[in-house]
Amino acid sequence: MADSSDKTRPQVRFCTLDEGQAGQRLDNFLIYELRGVPKSLVYRLIRKGEVRVNKKRAKASQKLLIGDIVRIPPVKVEPEQDEALNIHQGLLSVLEQAILFEDEHLLIVNKPAGLAVHGGSGLRYGLIEAFRQLRPNTKRLELVHRLDRDTSGCIIIAKKRQVLAALHRLLREKHGIEKRYNALVHGCWPDYLRQIDVPLQKNVVASGERLVRVDPEGKEALTKFRCLEYFSSDNLSLIEAFPVTGRTHQIRVHALYADHPIAGDEKYCPSGVSAACDIRFPRLFLHARKLGFRHPVTGDVVSVEAPFCDKWAATVERLS
C-alpha cells in the first residue's frame, strides 16, 4: 500500500518554457521557480546535474529558449503562497486604491510609508506579496526597483519578464526613468546647492543593519536638489531631489552629507536631532513624488504623480 504522505512529498517537475519565460538564464529561472530555497542549493543542484534542460546537463548561465523543457528535481520549498499569508483585507483595499497606473504589462503604486517592498528579515510579507494576492491570475509579478520601508511614493511592478528586463535597461540609463522625490529636511537648504556628487559605500554593521556612508572607495552617486520652500519658524526646508544614480539610501545620505538630514530619519539623523524627530515627525519625510518613462511595449510616455499621505500633508500645512 502506498504511503499517504507521498502526496505531500516534493515531486520532480518538468517545465516547458513559453514566450514569457524564454531568454533568461537557467539560474534566474530556477531562483524564481524555487522561491524559498537558498540560492546556494539552487547552484548546487545545477552543478550536480540534477537540473536538466531538454534531458541534458546545463550550466547556470545557459540562456533558455521557447519550448525548452527544464527538469526541476524534488526540493522542499518553504510555503510562500500569498493566500496562505492571510494578508489583512484592509491593507489590500488601501493598496488597490493606491494604484496610479495599470495595464497588461505593468502597474505603478503609491506605496505607503512603513510597508516593506517584500517580505524577509522577520517580515512575513510586503508590497509584492500583497499584490500577488490582489492579482492571482497574473503569473509573474516582480518589483522593478525598490523603496526603503519608511519611504512612500511611486514604485513600479512588472507583470511580464520581458517588461521587467526592459525597465531594468531603462534604469541603467541615466535618464531612462526619471524619478523626483520630495523631502522635508532640517535647516535652510541653500539655493546654490544644486547637486551632490560623492561616492557611497554600503556597510553592514554587527547587528546586521545596512548603513551607507560617503566613501571615496564607494560607488558613484549623484543627486540633484532644488529648494521649494523654507519654513523659518521651524528651520525646515521642503526640497525636491532628483537621483541620477540609484544607490541604496542615496538621497538620505547625500542630504546628511549636506548637513540637512531628512526629518523623521531615525537611521541617519544625528542623535540630538533624531530625538526631536520622534516627537515632531510621525514618519520619514521622503516621498517618491513623480515617475516618468517611455513605456517599453507601447512606446507611450508614462507620467504619474503620487499624492502625499495625510500625515505628510498635515505636517506641511502646519508648517505653512
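How many bridges join strand 10 to strand 13, and do the two run parallel or antiparallel? In this predicted model, strand 10 (residues 195–197) and strand 13 (residues 222–231) are antiparallel, with three bridges joining them. Within this pair, Ile196 stands opposite Thr223 of strand 13.

Strand 13 is also joined to strand 14 (residues 236–243), again in an antiparallel arrangement. The two strand pairs are listed below.

Strand 13 and strand 14 form a hairpin, and four residues lie between them. Asn235, in the turn, has a positive phi of about 55°.

Two packed helices are described by the angle between their axes and the distance between the axes. For helix 1 (residues 26–33) and helix 2 (residues 39–47), the axes come within 10 Å and cross at roughly 130°. Helix 1 is therefore oblique to helix 2. The crossing is right-handed. On the helix 1 side, the contact involves Leu26, Asp27, Leu30 and Ile31, which meet Lys39, Val42, Tyr43 and Ile46 of helix 2. By class, this contact has six nonpolar residues, two charged residues and no polar ones.

Helix 4 (residues 127–134) is largely enclosed by the rest of the structure, because seven of its eight residues are buried. Among the buried residues are Glu129, Phe131 and Arg132. Their cover includes helix 3 (89–97), strand 5 (99–102), strand 6 (106–111), strand 7 (142–143) and strand 8 (152–158).

Terms used: Residues numbered from 1 in each chain as written. Predicted model: local features only at pLDDT ≥ 70, side-chain atom pairs only at ≥ 80, totals over all residues. Heavy atoms only, no water. Buried < 20%, exposed > 50% of the residue type's maximum accessible area, 1.4 Å probe, protein only. Contact = heavy atoms within 4.5 Å. Axes fitted to C-alpha atoms, helices over the stretch in contact; angles between N-to-C directions. Parallel < 35°, antiparallel > 145°, perpendicular 65-115°, else oblique. Left-handed = near helix turned anticlockwise from the far one by under 90°. Nonpolar A, V, L, I, M, F, W, Y, C, P; charged D, E, K, R; others polar. Pairing = 2+ DSSP bridges.
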